[in-house]
Amino acid sequence: MAAPSVVVIGAGQAGSDTAAALRSQGFDGRITLVGAEGVPPYQRPPLSKQFLAGTGGGGDLALRPTSFHTERDIDFTARDPAVRLDRDAHRVALASGRTLGYRHLVLAVGARPRRLAVPGAGLDGVLTLRTLTEAGRLRDAMRDTGRLLVVGGGFVGLEVAATARAAGLAVTVVESGPRLLARAVSGAMSAHLLAEHRAHGVRVLLSREVAALHGDGAGRVREAELAGGERIAADLVLVGIGAVPETALAAGAGLAVDDGVLVDRHLRTGDPAVYAIGDCARFPDPRTGRPLRLESVQNAADQARCVAAALCGAPRPYAALPWFWTEQYGLRLQIAGLGTGHDRVVTVGDPGTGRFSLLCYRGERLLATESVNRPADHMITRRLMGAGAPLPTPRQAAAPGFGFKEFQQAAAV
């Protein structure tokens with residue numbers, strides 16, 4: 001019998017980590033890693049920060065050394081995306097016309113930036129940020145402009161705003177919702193970030209929408225028109241209004257999709273030979289059972305290891321604790337857990353010092369900890385939640401002098 005083969009579609013964090021984990025966990029069959037871009041796998045988080053600021057080049061972003069795939073007998077195919085999946089024949093067709101057979105297939109195709117659907121969205125100078133190529137265009141454009149408009153107050157938009165402001169650009173952020181990062185952090189953390197950006201000179205407009213973009217005679221963006229008529233001068237526009245999961249390949253093959261490729265708790269699709277992971281996958285939240293799709297390095301890396309374990313004969317349900325981070329100016333925000341649905345927030349530390357944590361509770365249950373420049377709080381929360389250990393109650397956390405280190409020591413975890 002021929003050695004088992006695994007084809008991984010997508011060479012981002014999730015796909016690259018899957019190939020690496022398969023080898024590290026002892027898989028000795030053929031591995032093919034299929035990438036759409038023309039470069040080896042790279043880190044995406046620095047694109048909106050160090051790379052954009054010019055403090056990190058493309059070579060600094062590599063996930064692994066250039067020799068990694070050759071040394072581990074991983075067939076890496078660049079600039080040749082998958083275009084069709086034949087599940088009956090267990091074959092994948094690539095854009096070049098090449099076809100690949102597989103015993104198991106892993107879809108790690110990620111997501112694409114959501115486009116701004118207004119007149120003028122196609123003008124020169126209206127950019128998105130997802131890939132290294134897009135980051136390079138944005139970095140080059142920032143060198144030749146003085147006024148940046150960021151549409152969207154999510155992680156990418158705020159990180160770009162902070163980087164651009166540090167570079168001396170005049171920056172305006174327009175967010176359609178009533179607060180920044182509304183889907184990701186508590187209201188108190190949103191308010192802290194808003195104050196931070198405004199203190200650095202960023203103009204932030206909340207509950208406002210871009211109705212149109214206007215350009216000059218050469219087709220270059222020069223102005224944004226907001227709903228209500230206000231106009232904002234802008235030489236460059238960064239659209240950061242979320243991402244859309246890549247589901248076309250899965251849907252074309254008859255797999256179930258709904259805001260992502262639907263998978264079970266083992267990250268399998270309805271076809272037992274096909275898995276989906278990372279930004280494109282919608283999986284059952286192990287804590288609530290509700291369908292969940294996460295866009296984070298942690299989720300991509302942990303799901304990659306989970307699928308690799310299954311393909312190496314040691315399947316286990318995916319149950320990793322979600323965590324996230326962002327860096328803006330001198331602020332490092334780290335989030336452990338998911339605070340969705342919280343009804344109470346307890347503050348540990350003093351926000352005025354720039355070092356504090358917000359503990360998000362639903363009833364007596366701690367859902368998430370949002371830590372600003374307090375990495376120990378973040379790491380201890382992750383450790384306690386990951387171990388299923390006792391967590392501080394709202395009363396304990398609100399007590400004078402409460403500290404995570406002391407709580408952990410008392411719990412002897």
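What follows is a working chat about a predicted model.

Colleague: Great. How many salt bridges does the structure hold?

Modeller: There are 24 salt bridges, each being a side-chain nitrogen of Lys or Arg within 4 Å of a carboxyl oxygen of Asp or Glu. As background, side chains of opposite charge can pair when their charged atoms come close.

Colleague: Which residue meets Asp271 in a salt bridge?

Modeller: That would be Arg87, at 3.1 Å from N to O. Asp271 sits in the loop between β18 and β19 and Arg87 in the loop between β4 (82-86) and β5 (91-94), so the pair ties together parts that are 184 residues apart in sequence. Helices (H or I, at least four residues) and strands (E, at least two) are DSSP runs numbered from the N terminus.

Colleague: And is Asp271 buried or exposed?

Modeller: Asp271 counts as buried because its relative accessibility is 9%. Arg87 is partly exposed, at 26%. The cut-offs are under 20% relative accessible area for buried, over 50% for exposed and partly exposed in between, using a 1.4 Å probe and protein chains only.

Colleague: Nice. What does Arg112 pair with?

Modeller: Arg112 forms a salt bridge with Glu246, at 3.2 Å from N to O. This pair also links distant parts of the chain, with Arg112 in strand β8 (residues 111-113) and Glu246 in the loop between β17 (243-245) and α7 (248-252), 134 residues apart. Arg112 is partly exposed at 38% relative accessible area, and Glu246 is partly exposed at 28%.

Colleague: What about Asp259, which side chain does that one meet?

Modeller: The side chain of Arg293, in a salt bridge of 3.4 Å from N to O. Asp259 is in the loop between α7 and β18 and Arg293 in the loop between β21 (291-292) and α8 (297-311), so to speak distant parts of the chain, 34 residues apart. Asp259 is partly exposed, with a relative accessible area of 42%, whereas Arg293 is buried at 18%.

Colleague: Switching to the surface: which residues gather in a patch of positive charge?

Modeller: Arg287, Arg290, Arg362 and Arg365 do. Patches are made of residues with over 30% relative accessible area and no salt bridge, with like charges joined within 9 Å and nonpolar side chains (Val, Leu, Ile, Met, Phe, Trp, Tyr) within 5 Å. Arg362 lies in strand β25 (residues 355-362) and is partly exposed at 33% relative accessibility.

Colleague: Now a buried one. Where is Leu105, and what does it touch?

Modeller: Leu105 is in strand β7 (residues 104-107), and counts as buried at 0% relative accessibility. Leaving out residues up to four places away in sequence, Leu105 touches Val7, Ile9, Leu85, Val92, Ala273, Val274 and Tyr275, where contact means heavy atoms within 4.5 Å.

Colleague: Last one, backbone angles. What is phi of Leu181?

Modeller: Near 50°, a positive value in a residue other than glycine. Leu181 is in the loop between β11 (170-175) and α6 (187-199) and is buried at 6% relative accessible area. Leu267 also has a positive phi, of about 70°, although it is not a glycine. Leu267 lies in the loop between β18 (261-262) and β19 (274-276), and counts as buried at 0% relative accessibility.

Technical notes
Residues numbered from 1 in each chain as written. Predicted model: local features only at pLDDT ≥ 70, side-chain atom pairs only at ≥ 80, totals over all residues. Heavy atoms only, no water. Areas by Shrake-Rupley, 256 points an atom, 1.4 Å probe, with all protein chains shown as cover. Lys, Arg positive; Asp, Glu negative; His and termini not counted. Charge placed at Lys NZ, Arg CZ, Asp CG, Glu CD.
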